[in-house]
Amino acid sequence: MEKVSLSVREWAECVSHDPGNESSFPIWFRVTGNSMYPFIRAYMDDILLVPVKQDELKIGDIVLFPGKCKGGDYCLHRLYRMDGDKVQTFGDGNLYPDGWFPKADILGKAVLIKRGRISIDCEDPKWIRRFDRWGSLWKIRRFLLLPFRIVRKMKRILRPGNTV
């Protein structure tokens, strides 16, 4: 199999022109935002993304869709609710769900998270239970994520070249 380098944007263009076709192919990419922390870490974890058909989607899937996410053109969030042809997503590291958008906007779903020598199978029942437990804590997520947010803010302040 030939290896080809594409950006997520280029891959999304291929998939959006031919959704669900057998010629669609998976892609590995590195996440650049923390909206899926603690399960996906920015600049550290690689994601295997596969094209997905609308009828294969289920609550809890980690999906890629075009969005107005901070710092990028695409968002990778967990599928939170479905209502007919509309869906709502929720980043694991966010405090509130995203707005509703068309299910047809979803371009792919994460099937594997590579973290160093560890591989997390997103379809493994053990990991699905962990994802579900975290999702059920959304009302207290603000407090659970507070230490992470404080450390991240301190790193930005203490970066060389920053003046106070």
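User: In what order do the helices and strands of the protein run from the N terminus on?

Analyst: The predicted model contains 3 helices and 8 strands. Read from the N terminus on, the order of these elements is α-β-β-β-β-β-β-β-β-α-α.

User: Among contacts between residues at least 6 apart in sequence, what percentage join residues at least 24 apart?

Analyst: The protein has 164 residues, of which 33% count as buried. For the contacts, the set considered is limited to residues at least 6 apart in sequence, and the share of these that joins residues at least 24 apart is 50%.

User: Is Asp 45 buried or exposed?

Analyst: The cut-off for a buried residue is a relative accessible area under 20%. Asp 45 has a relative accessibility of 0%, so this residue counts as buried.

User: How many residues apart in sequence are the parts that Asp 45 and Arg 115 tie together?

Analyst: A salt bridge links the side chains of Asp 45 and Arg 115, with an N to O distance of 2.8 Å. Asp 45 belongs to the loop between strand 1 (27-30) and strand 2 (46-51), whereas Arg 115 belongs to strand 7 (residues 108-115). The pair therefore ties together parts whose separation in sequence is 70 residues.

User: Which residue forms a salt bridge with Asp 45 at 3.1 Å between the closest N and O atoms?

Analyst: Arg 115 is a salt-bridge partner of Asp 45 at 2.8 Å, and Arg 115 counts as buried because its relative accessibility is 18%. The salt bridge with 3.1 Å between the closest N and O atoms joins Asp 45 to Arg 41.

User: Which strand holds Arg 78, the salt-bridge partner of Asp 92?

Analyst: The side chains of Asp 92 and Arg 78 form a salt bridge at 2.7 Å, N to O. Asp 92 lies in the loop between strand 5 (86-90) and strand 6 (100-102), so its pairing with Arg 78 ties together parts 14 residues apart in sequence. Both Asp 92 and Arg 78 are buried. Arg 78 lies in strand 4 (residues 74-83).

User: At which residue does helix 3 bend by about 35 degrees?

Analyst: Helix 3 has 18 residues, and its span from first C-alpha to last is 26 Å, close to the 26 Å expected. The bend of about 35 degrees in helix 3 is at Pro 147.

User: Which residues of helix 3 are buried?

Analyst: The cover over the buried residues of this helix includes strand 5 and helix 2 (125-136). The buried residues of helix 3 are Arg 141, Leu 145 and Phe 148.

User: What is the accessible area of the nonpolar surface patch that includes Ile 150?

Analyst: Ile 150 lies in helix 3 (residues 141-158) and is partly exposed, at a relative accessible area of 47%. The patch consists of Leu 146, Ile 150, Met 154, Ile 157 and Leu 158, and their accessible area together is about 480 Å².

Conventions: Residues are numbered from 1 along each chain as its sequence is written. This is a predicted model: local features need pLDDT of at least 70, side-chain atom pairs count only at pLDDT 80 or more; totals for chains, interfaces and linings use all residues. Side-chain values use heavy atoms; hydrogens and water are left out. A salt bridge is a side-chain nitrogen of Lys or Arg within 4 Å of a carboxyl oxygen of Asp or Glu. Buried means under 20% relative accessible area, exposed over 50%, partly exposed in between (1.4 Å probe, protein chains only). Helices (H or I, at least four residues) and strands (E, at least two) are DSSP runs, numbered from the N terminus. Patches are made of residues with over 30% relative accessible area and no salt bridge: like charges are joined within 9 Å, nonpolar side chains (Val, Leu, Ile, Met, Phe, Trp, Tyr) within 5 Å. Accessible areas come from the Shrake-Rupley method with a 1.4 Å probe; for residues, only the protein chains shown count as cover. Contact means heavy atoms within 4.5 Å. The expected span of a helix is 1.5 Å times one less than its number of residues. The bend at a residue is the angle between axes fitted to the seven residues ending there and the seven starting there.
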